[in-house]
Amino acid sequence: MTMSVTRAALAAALSLPLALAAPGVHAADDVEPVRIGMVTTLSTKAGYLGADVRDGFMLAIKQNGGMLGGGPVDLLVEDDDRDPGKGREIAERFIQRDGVKIMTGIIFSNVGLAVIPKVLNDGVVYVSPNSGPSQLAGAGCHPHHFNVAWQNDNLHEAMGQYATDAGLGKVYILAPNYPGGKDGLAGFKRYYSGGEIVGEVYTTLGQSDYAAEIAAIRDAAPDAVFFFLPGGMGINFMKQFHQSGLGETVQLIGSGFSADHKLLNATGAAAEGMLNSAQWSPDLDTPTNTAFVEAYMAEYEAVPTIYSQQGYDAALAIGAALEAVGGDLSDLDAFAAALKEANFVSPRGDFRFGTNNFPVQDIYLRKAVMDEDGTLHNEVQGVIFEDHVDAYAAECPME
């Protein structure tokens, strides 16, 4: 099912999960809208990740009067069902049927690796709001591929540095067995030193029962467990970990992937005290971030997650580049050059695109704190990395 969001349909689309309008329908003026294809995950237990990316993106469109960069846009949204083959089919349809020249939305890196190289080869500019596999950050970088969120390793690298700084002598690490999971544990190990990895496990993507892993953790007796389990996987793991009693002696540490606002509160008391890393947090005290959080909460009656912020920034980046080229996509090299300038103000604060078109940015340490009413939120504890550059940028042949 395709969702087409135009100025005329935007109000309805923001109030419904999958409000529909026919592709190409736009406001009464005669300006042809720029079509943007969003392939994202809206189903499975991880479906809220794509929904938050979509909602953040749509908020930016609404704040700009149904436009980006001063002109109308037509946002086409389809659910990849976390399936690489389905994601590729949707992307091909967007290109061939709808003439899309800009794409975004992918959450999972296995889907990204199936889709992004193909659409780049087909003459599309891709702006990732999440998926940032190492294969596309190093030798496989491309002048028409941008990521406004991170390279997959980055938040995990930060927690490796934290574990080192905190003197955690024995750490057990686990993540799903897919490209993002492998990048995550590689990133943690890259910056963890002075201690011992007492267990390294790759779980099944979408796994819900962690009894075997928790038994192995108990046997290993670590000081901390570092995990990357996004969406429902993280909820199940944290609840089972808490029920096992291990949380009384073993510190849970992870990345913002496993500690967004929705996930924390779906987990409940089992998530309290978890330490995590992120490039953004709702409590960052800047005028731009305060305005973003207030606008998002007013629109959706929910606290934005990192995925919301990343979708919002993807839209802002595209809008700034469209404005720079006057909405003309006949020269995609010029549009990509405008994207590279990152001429917009992000809720996360200062950032820039590195040589490989991945962010150079600060990464924060956050802690899951429980309010008096029993809800959980993240509080920034400090900065782990300043102007952090990913590990693969030096391999990228671009300048």
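In the predicted model, helix H5 (residues 154-165) packs against helix H6 (residues 179-191) at an angle of about 35 degrees, the two axes being 7 Å apart. Axes are lines fitted to C-alpha atoms, for helices over the stretch in contact, and angles run from 0 to 180 degrees between N-to-C directions. Helices (H or I, at least four residues) and strands (E, at least two) are DSSP runs, numbered from the N terminus. The crossing of H5 and H6 is right-handed; a crossing is called right-handed if the near helix is turned clockwise from the far one by less than a right angle, and left-handed if anticlockwise. On the H5 side the contact (heavy atoms within 4.5 Å) is made by His156, Glu157, Met159, Gly160, Gln161, Ala163 and Thr164, and on the H6 side by Gly184, Gly187, Phe188, Arg190 and Tyr191. These residues comprise 4 nonpolar, 6 polar and 2 charged, where Ala, Val, Leu, Ile, Met, Phe, Trp, Tyr, Cys and Pro count as nonpolar, Asp, Glu, Lys and Arg as charged, and the others, Gly among them, as polar.

The model is predicted, and local features need pLDDT of at least 70, side-chain atom pairs count only at pLDDT 80 or more, while totals for chains, interfaces and linings use all residues. Residues are numbered from 1 along each chain as its sequence is written, and side-chain values use heavy atoms, with hydrogens and water left out.

Helix H3 and helix H4 (residues 109-121) pack with their axes 8 Å apart and an angle of about 30 degrees. H3 and H4 are therefore roughly parallel to each other; angles under 35 degrees count as roughly parallel, over 145 as roughly antiparallel, 65 to 115 as roughly perpendicular and the rest as oblique. This crossing is right-handed. H3 contributes Pro84, Gly87, Arg88, Ala91, Glu92 and Ile95 to the contact, and H4 contributes Asn110, Val111, Ala114, Val115, Lys118 and Val119. By class, 7 of the residues are nonpolar, 2 polar and 3 charged.

The axes of helix H7 (residues 211-220) and helix H8 (residues 232-243) come within 10 Å and cross at roughly 50 degrees, which means that H7 is oblique to H8. The crossing of H7 and H8 is also right-handed. Ala211, Ile214 and Ile217 of H7 meet Phe237, Gln240 and Phe241 of H8, a set with 5 nonpolar residues, 1 polar and no charged.

An automatic or database domain assignment divides the protein into domain 1 (34-150 + 284-353) and domain 2 (153-278 + 363-388). Their C-alpha centres lie 27 Å apart. In the contact between them, 22 residues of domain 1 touch 24 residues of domain 2. The area buried between the domains is about 1,800 Å², with 65% given by carbon and sulfur atoms; buried area is the accessible area (1.4 Å probe) that two parts lose on being put together, summed over both. Tyr48, Trp150 and Ile306 supply 27% of the area that domain 1 buries against domain 2, more than any other three residues.

Arg82, although not a glycine, has a positive phi of about 60 degrees and lies in the loop between strand S4 (71-79) and helix H3 (84-98). Ala342, likewise other than glycine, has a positive phi near 45 degrees; its place is in the loop between helix H12 (332-340) and strand S13 (351-353).
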